[in-house]
Every structure is written in structure tokens, then in C-alpha cells.
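Here are my notes on this one, as promised. Have the viewer open while you go through them.

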Amino acid sequence: MTDAVVTIADLSFAYRPGQWIVHDYSATVEKGGIFALLGPNGRGKTTLLKLLLGALKPTAGRVSVRGQIAFVPQLFQVSFDYSALDMVLMGRAKKVGLFSQPSRADEEASLAALDRFGVAHLAKRPFQEMSGGQRQLVIFARALVAEADILVLDEPTSALDLENQLLVLDRIAALSCDDGLTIVMTTHHPHHALAVADHAMLMRGPSDYSVGPVDEILSEENLTSLYGVPLKRIAVEHGGKSIETVAPIMSPRGRRNRREESGATIEWTA
């Protein structure tokens with residue numbers, strides 16, 4: 001007996017007749033799970049998210065969603081000088097009601113969400129003046145106070161430095177494990193999917209995809225075929241534990257090759 005909150009059944013979509021973006025896709029996302037969508041640019045990841053969100057209507061097949069969805073976009077820009085707290089309070093809009101003001105309880109919930117993501121001290125700072133990583137955490141807080149059941153994340157670590165990538169991934173895992181939220185995310189980083197996701201979909205083309213548990217589907221063979229470059233699953237020791245990650249294999253090229261061929265050496269002096 002499954003507890004699917006998202007069901008994709010024989011789903012097809014084309015912007016123009018016969019030019020399929022996705023064709024006959026089927027998958028389920030279980031309650032509380034993290035489901036990652038991977039694939040090169042132009043393979044339909046964003047289109048599939050729009051179908052899940054109801055922003056696009058399927059050409060054929062269906063998408064069924066059980067629960068409320070909150071969307072965390074890749075880049076979030078605002079036209080007005082809202083504070084971080086204002087941005088999070090907007091997530092309470094459906095609960096506040098039309099022509100009403102946020103209550104003290106709404107503000108406390110928003111501050112608690114900011115604190116949950118480690119940015120409560122930035123509550124009064126203008127959103128536009130914050131770093132990319134800080135903005136992303138504020139938008140996560142906004143999604144959290146909306147009390148959604150499902151979070152849809154479009155490239156949640158895009159344009160973030162390594163420290164903020166790890167911070168965001170840690171929060172994603174916590175939202176699933178601690179809060180029981182279901183998460184669907186796109187990513188260009190297979191090692192991120194391997195680190196936090198339960199299941200993944202590899203999108204190679206309109207009718208060419210595969211779905212499965214990350215430990216199985218993110219094999220070296222599948223990833224190398226998906227991206228067209230050699231990738232390796234590597235086991236490393238960290239914090240007393242053995243964990244696996246994914247890394248591309250890059251051959252020396254360009255300046256380094258020319259330097260080696262010429263026999264040049266580099267000397268370092270204090």
C-alpha cells in the first residue's frame with residue numbers, strides 16, 4: 001500500500017502539436033519523500049514542475065496532487081523594498097484573508113520560521129540587500145509558514161557558494177525528516193540528489209526517462225549516459241562515517257597539458 005501524494009500517469013505535454021516536451025511519463029512521489037529531477041538543459045524539468053503546479057495543462061494523461069503546494073523558485077526578485085519579515089508574512093496570505101492585517105500570531109510564526117532557517121536576525125533587513133543564500137533561506141521560511149504539504153523547488157542551490165549549498169541541502173533534508181514535508185526538486189548536481197533525495201527521475205528526452213531509488217538509479221552508467229561525460233560514484237570517510245558522492249572525471253587539458261608537454265615547472269618562493 002503506497003501513500004503517494006503526487007501521481008503522474010501517462011503524462012504528455014507539447015507546446016506545439018507533435019513536438020513533445022514530455023511524453024508518456026509516469027511516476028509517484030511518496031508522502032514525506034524527496035524526489036529529484038535530473039537532466040541536461042532543455043529536457044523538460046521546468047515544464048514538468050509547471051505541470052505539477054497546475055501552471056500548465058497536460059496535453060494527455062494526468063497529474064494528481066494530494067495536499068497544498070508551495071513553490072520555491074530558482075531566482076526571486078521583488079519590485080518593492082520589502083523586509084525579510086514582510087516576505088515571509090506574504091506566505092500567510094491565504095490564512096490572513098482579503099483586506100485583513102497579519103495578526104501577532106502570524107508575525108510570531110514568521111519570525112519562528114526565519115529562526116528555523118538561521119536568518120531571524122535579518123528580519124528587518126531589506127530583501128533586495130541580502131545575499132543569494134540569505135534570500136533563498138527567507139523564501140524557504142515563506143514556504144514553511146504557508147503550511148504547505150508539498151514543496152516544489154526549482155534548482156534550490158543555484159548561484160550559491162559551497163557553504164550556502166550545504167546549508168540549503170541540510171534544511172531540505174530537515175523539512176522532510178523532521179516536518180514530514182514532501183519535496184520535489186530539480187537539480188543539475190547528482191551529488192546533491194544522492195545526498196538528500198530518496199528517489200530520482202532521469203530525464204533524457206521526451207519519451208526517454210527512468211525513475212527509481214537514488215542508490216540504484218544514480219549509477220555511474222546512468223549518469224554518464226545522461227550527461228555525456230564520465231561520472232564516478234566515490235566513497236569517502238567523513239565524520240566517522242562512509243558516505244558516497246558523485247564526481248565528474250576531468251582529464252587535464254589546455255594550459256596544464258601544454259605545460260607538461262613543454263617540460264615547464266613551477267617554483268614557489270617565500
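How many bridges join strand β1 to β2, and which way do the two run?

1. Keep in mind that this is a predicted model. To settle the opening question: β1, covering residues 4-16, is tied to β2 by eight bridges, and the two strands run antiparallel. If you want a spot to look at, find Leu-11, which sits opposite Tyr-25 in β2.

2. Zooming out, the strand order is β2-β1-β4, in an open sheet of three strands with antiparallel pairing. The edges are taken by β2 (19-30) and β4 (60-65); each has a single partner strand, so one side of each has no neighbour in the sheet. From one strand to the next, the twist averages 20 degrees.

3. Next, the helix on that sheet. Helix α1 (residues 45-53) packs there and touches β1, β2 and β4. The direction of α1 makes about 120 degrees with that of β1.

4. Now for a helix pair. The axes of α5 (residues 132-145) and α6 (residues 162-177) come within 10 Å and cross at roughly 10 degrees. Angles under 35 degrees count as roughly parallel, so that is the label for α5 and α6. The crossing of α5 past α6 is right-handed.

5. Who meets whom in that pair? On the α5 side you'll find Gly-133, Gln-136, Leu-137, Phe-140 and Leu-144. They meet Asn-164, Leu-167, Val-168, Arg-171, Ile-172 and Leu-175 in α6. Sorted by class, the α5 contact with α6 has seven nonpolar, three polar and one charged residues.

Note on methods:
Residues numbered from 1 in each chain as written. Predicted model: local features only at pLDDT ≥ 70, side-chain atom pairs only at ≥ 80, totals over all residues. Heavy atoms only, no water. Pairing = 2+ DSSP bridges. Helix = DSSP H or I, 4+ residues; strand = E, 2+ residues; numbered from the N terminus. Axes fitted to C-alpha atoms, helices over the stretch in contact; angles between N-to-C directions. Contact = heavy atoms within 4.5 Å. Parallel < 35°, antiparallel > 145°, perpendicular 65-115°, else oblique. Left-handed = near helix turned anticlockwise from the far one by under 90°. Nonpolar A, V, L, I, M, F, W, Y, C, P; charged D, E, K, R; others polar.
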